[in-house]
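The sequence and structure come first.

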Amino acid sequence: TELDAQETSVPSPIAGGYRRFLISGRLKEVALARNAYQLYDSLYKTMKIVDFDQCRNYASFYRSASTGHVKVMTSTCKLRFCPLCAKAKGTHIAGQVEGWLALKKKPKFITLTLEHSDESLNEQMTHLYQSFRLLRKTKLWKSCIKGGIWFFQVKPSSDSNRYHPHLHILCHGKYIDKFELSALWQQVSKGSKIVDVRKVNNVKNAARYVSRYAANSCRITDFDSKGLLNVIQSIHGRRVCGTFGTGKQITLSPKPDADFSDWSKLEKFEVVFSHRETDAYYELIWKCWLTKTPMPFKHESPGRCLETVSSPPSAKQTLLF
């Protein structure tokens, strides 16, 4: 059938390369996501699996001439359900959210949930988003909540072939009564009254929790490949996180470095990784990258040519710490 993935050769990551380094502890996630994209390609005649397999396979270390900091420039697929791209985006968003929340008094963690339904996940998402927009226009919400960041999450329901979609919202403002909010949510959502309101006691933990779903809205290992394909299809073209009110002060999309001429190539990732324990120069690059400390000028190897980045990376490349 069309939902049976065709057998294809899976290119092995470069030995000692960046991709192999990153996926060593995420093999199950990568395998599930790969199978789902293979199914997607067979249905829509696309070639997403090609980008997925090449993601972060080629990478090199670069050094900033002005600060001495070391980064990795690598190829990226930017697919939502690529575990490697999702983690990178989540790390960026966690930092943004944490910094924003730290400046707010008594931040709150609100969860809005829909009752179980036989509707498709796509229909439930539409209903959930519309209900949240209506909620933000109500007098209670506008008088209590000044702004925040929302994240969509979906889990498989304990009932077969059902989903559990909900919104997590980190926000700030005045006290909001849980029972009043529940009654209002039941009104705008036309039936759902399940809400949760909690005080954020640990800003860092809260930011990390919601950012895990910033890219793909679910825990990949909760689904099989066909279930994950349905999630991919349902959220295609939709935002799964966003800001409102004062939350618009932050950006959820990572921005590349502005001045690429400041960066010079040191060596390919696999070379540094393979010789980091036997070569002092490569050991220094590795340690400066891991610890995020500047690499001194005096330690540049005079016999190794540094290649300056003369132009920005292509659309599918980015600079990563």
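Lys287 counts as partly exposed, at 48% relative accessibility; buried means under 20% relative accessible area, exposed over 50%, and partly exposed in between, with a 1.4 Å probe and protein chains only. This is a predicted model, in which local features need pLDDT of at least 70 and side-chain atom pairs count only at pLDDT 80 or more, while totals for chains, interfaces and linings use all residues. Residues are numbered from 1 along each chain as its sequence is written, and side-chain values use heavy atoms, with hydrogens and water left out.

**Salt bridges**

The structure holds seven salt bridges, a salt bridge being a side-chain nitrogen of Lys or Arg within 4 Å of a carboxyl oxygen of Asp or Glu. The table gives three of them.

| Pair | N to O distance |
|---|---|
| Glu29 and Arg26 | 3.5 Å |
| Asp196 and Lys178 | 3.9 Å |
| Glu283 and Lys287 | 3.0 Å |

Glu283 and Lys287 both lie in helix α11 (residues 280–291), four residues apart, about one turn of the helix. Helices (H or I, at least four residues) and strands (E, at least two) are DSSP runs numbered from the N terminus. An α-helix has 3.6 residues a turn, so residues three or four places apart point the same way. Glu283 is partly exposed, at 32% relative accessibility.

The side chains of Asp196 and Lys178 meet in a salt bridge of 3.9 Å, N to O. This pair links distant parts of the chain, with Asp196 in strand β6 (residues 194–199) and Lys178 in helix α7 (residues 178–188), 18 residues apart. Lys178 has a relative accessible area of 35% and is partly exposed. Glu29, which is paired with Arg26, is also partly exposed, at 22% relative accessibility.

The buried residues of α7 are Leu181, Ser182, Leu184, Trp185 and Val188. Their cover includes β3 (108–113), α5 (121–136), α6 (139–144) and β6. Lys190 follows α7 and has a positive phi, near 60°.

Helix α2 (residues 27–44) has 18 residues and reaches 26 Å from its first C-alpha to its last, close to the 26 Å expected at 1.5 Å a residue; the expected span is 1.5 Å times one less than the number of residues. Its buried residues include Val30, Leu32, Arg34, Tyr37, Leu39 and Asp41. The buried residues of α2 pack against α1 (18–23), α3 (48–54), α4 (83–102) and α9 (225–235). Just after α2, Lys45 takes a positive phi of about 55°.

**Strands**

Five bridges join strand β1 (residues 59–64) to β2, and the two run antiparallel; strands pair if DSSP finds at least two bridges between them. β1 and β2 form a hairpin with five residues between them, and Gly68 in the turn has a positive phi of about 85°. The bridge partner of Arg63 in β2 is Val70.

Six of the six residues of β2 are buried, so β2 is largely enclosed by the rest of the structure. Val70, Val72 and Thr74 point one way from the strand, and Lys71, Met73 and Ser75 the other way. Thr74 has a relative accessible area of 1%, and a polar atom of its side chain lies 3.1 Å from the backbone oxygen of Tyr58.

Strand β4 (residues 145–156) is joined to β7 by five bridges, and these strands run antiparallel. Phe151 stands opposite Cys241 in β7. Four of the five residues of β7 (residues 241–245) are buried, so β7 is largely enclosed by the rest of the structure.

**Overall fold and confidence**

The secondary structure comes to 11 helices and 10 strands. Buried residues make up 48% of the 321 residues. Residues 24 or more positions apart account for 74% of the contacts with a separation of 6 or more, where contact means heavy atoms within 4.5 Å.

The mean pLDDT, the predictor's confidence in each residue from 0 to 100, is 87, and 87% of residues reach 70 or more. Over residues 1–9 the pLDDT stays under 50, and the model has 15 contacts for them beyond four places in sequence. Residues 305–315 also have pLDDT below 50, with 24 contacts beyond near neighbours in sequence. Where pLDDT is low, the predicted coordinates should not be read in detail.

Definitions and conventions. Polar contact = N/O pair within 3.5 Å; in protein donor to acceptor, adjacent residues only side chain to side chain.
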